[in-house]
Amino acid sequence: MVHSEGERTLNYPIPNPAPLDPPEEWERLRGGCPVAGVRLPSGDEAKLVTRYEDVKQVLSDPRFTRQLDADDAARVADNESGGVFNTSMSSALPQTGEGHLRWRRMVGKWFTAKRMMALRPGIEEMAERLIDDMVEQGQPADLKASLGFPLPVYVICDLLGVPAADRDRFSYWSDTLLNMTRYGKEEIAAAQREFVEYMAAHVENKRAEPGDDLISSLLAETDSEGRGMSNEELVATGQGLLVAGHETTANMIGKMVSMLLSDRRRWERLLADRSLVRGTVEEALRFDANPGFGMPRYITEESEIGDTSLPRGTTVVCSMASANRDESVFESADDMVLDRGPNPHLAFGAGAHSCLGQSLARTELQGVLEVLLRRLPSLELAVPAEELRQVEGLVVGGLREVPVRW
């Protein structure tokens with residue numbers, strides 16, 4: 001266990017002992033070694049930050065950048081691209097300063113809370129249809145495959161104007177981009193090439209025949225200085241939204257339902273009081289002990305985190321999930337409190353790079369939960385919670401399947 005410089009470096013990610021429980025190391029690190037030395041899957045070394053205030057500081061401080069393709073930045077994965085944080089996708093989009101703000105302003109118009117609320121009836125309707133199919137096929141069923149995965153894919157495909165029929169290809173391309181240890185170099189390179197070619201062709205199709213979708217809108221739009229997005233930016237935006245828009249939410253649906261069903265009292269409380277749905281989604285996001293890798297940052301000048309001074313060129317990994325269990329901010333942090341308030345969790349990050357699609361994720365999670373409570377009040381896990389199997393080898397956390405019956 002790392003408690004000071006010179007002691008053994010911890011391998012990262014730290015394995016979860018059980019699929020829904022946090023590693024014990026988090027508490028020890030927050031208490032005794034809030035800036036710890038870790039070794040990433042690539043073999044490179046970085047610093048891990050686990051306390052709430054420190055994680056929030058790093059994510060909000062412009063000195064901690066996303067320049068993860070710098071020569072001395074730690075690579076996450078042991079392949080040429082170094083993993084999803086430094087692919088052609090991330091290098092095509094401005095990661096800092098005015099360029100990044102301009103990109104966020106242009107894309108962010110599509111992700112306002114108001115626009116997302118307008119999507120809510122369609123999301124609930126899709127959830128109803130998917131549940132109909134799941135019930136028809138009989139129990140036990142895999143909630144992730146039947147509902148958790150297809151729902152966000154349909155929504156993001158609709159938003160981008162790409163055919164949902166291609167969803168299995170998107171899933172595979174996403175997984176190779178999110179790789180830490182699952183795929184080899186050649187396979188990743190081939191998949192990334194295919195993904196770029198697919199999205200480039202999609203952009204050209206929308207240029208020729210615009211529709212009512214985000215890509216068509218971005219093709220027509222300019223910023224305050226009359227500049228539009230470059231072709232490269234449009235392709236990377238489409239890729240980024242497809243990966244971010246389905247993989248994380250698909251996993252979160254499965255984890256949220258598992259958390260609620262692993263202690264039946266939580267589910268019963270929701271059945272008795274639907275007004276708790278919104279707060280429950282926020283608490284599930286905070287309580288999630290299996291969110292994946294966290295957020296890496298690279299520092300371009302000497303900086304301090306708490307009492308620790310870090311040299312220029314250090315890569316820092318933020319564990320938002322550990323920060324969300326920090327007792328100094330969240331009372332009874334290891335309890336799932338459905339009506340917790342306030343709940344300033346960091347599941348969507350903080351600062352200039354906080355998750356652009358967070359209002360969409362919230363809308364999907366709330367909609368799915370409402371429909372499940374209404375349609376399948378007797379829902380339960382078909383295996384003990386400790387037997388749920390975790391996703392491995394990718395930067396996103398999650399459960400491989402969520403077996404349920406009703």
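In this predicted model, helix 8 (residues 167–177) packs against helix 11 (residues 231–262) at an angle of about 95°, the two axes lying 10 Å apart, which makes helix 8 roughly perpendicular to helix 11. Helix 9 (residues 185–208) also meets helix 11, with axes that come within 9 Å and cross at roughly 115°, so that helix 9 is likewise roughly perpendicular to helix 11.

**Helix packing**

- On the side of helix 8, the contact with helix 11 is made by F170, S171, S174, D175 and L177, and on the side of helix 11 by L242, V243, H246 and E247.
- The crossing in which helix 9 passes helix 11 is right-handed, and helix 9 contributes F195, V196, M199, A200, V203, E204 and R207 to the contact, while helix 11 contributes N231, L234, V235, G238, Q239, L242 and V243.
- Nine nonpolar, three polar and two charged residues make up the contact of helix 9 with helix 11.
- L242 and V243 of helix 11 are listed in the contact with helix 8 and again in the contact with helix 9.

**Aromatic pairs**

- The count of aromatic pairs comes to seven, and one of them is the tilted pair of F170 and W173, with 6.1 Å from centre to centre and 50° between the planes.
- F170 and W173 are three residues apart in helix 8 and are therefore separated by about one helical turn.
- Both partners are buried, since the relative accessibility is 0% for F170 and 2% for W173.
- The rings of Y172 and Y183 form an edge-to-face pair, because their planes stand at 85°, with the centres 6.0 Å apart.
- This pair ties together parts that are eleven residues apart in sequence, because Y172 lies in helix 8 whereas Y183 belongs to the loop between helix 8 and helix 9.
- Y172 counts as partly exposed at 30% relative accessibility, whereas Y183, with a relative accessible area of 18%, is buried.

**Helix 7**

- Helix 7 (residues 150–160) is largely enclosed by the rest of the structure, because nine of its eleven residues are buried.
- Those buried residues are P150, L151, P152, V153, V155, I156, C157, L159 and L160.
- After helix 7 comes G161, which has a positive phi near 75°.

**Backbone features**

- Most residues other than glycine have a negative phi, and most peptide bonds are trans.
- S332, although not a glycine, has a positive phi of about 50°; S332 is located in the loop between helix 14 and helix 15 and is partly exposed, with a relative accessible area of 34%.
- The peptide bond from Y12 to P13 is cis, its omega being near 0°, and P13 is placed in the loop between strand 1 (10–11) and helix 1 (25–32).
- G341 and P342 are likewise joined by a cis peptide bond, with omega about -5°, and P342 is situated in the loop between helix 14 (320–323) and helix 15 (358–375).

Definitions and conventions: Residues are numbered from 1 along each chain as its sequence is written. This is a predicted model: local features need pLDDT of at least 70, side-chain atom pairs count only at pLDDT 80 or more; totals for chains, interfaces and linings use all residues. Side-chain values use heavy atoms; hydrogens and water are left out. Axes are lines fitted to C-alpha atoms, for helices over the stretch in contact, and angles run from 0 to 180 degrees between N-to-C directions. Helices (H or I, at least four residues) and strands (E, at least two) are DSSP runs, numbered from the N terminus. Angles under 35 degrees count as roughly parallel, over 145 as roughly antiparallel, 65 to 115 as roughly perpendicular and the rest as oblique. Contact means heavy atoms within 4.5 Å. A crossing is left-handed if the near helix is turned anticlockwise from the far one by less than a right angle, and right-handed if clockwise. Ala, Val, Leu, Ile, Met, Phe, Trp, Tyr, Cys and Pro count as nonpolar, Asp, Glu, Lys and Arg as charged, and the others, Gly among them, as polar. Rings of Phe, Tyr and Trp (its six-membered ring) pair if their centres lie within 6.5 Å; planes under 30 degrees apart count as stacked, over 60 as edge-to-face and the rest as tilted. Buried means under 20% relative accessible area, exposed over 50%, partly exposed in between (1.4 Å probe, protein chains only).
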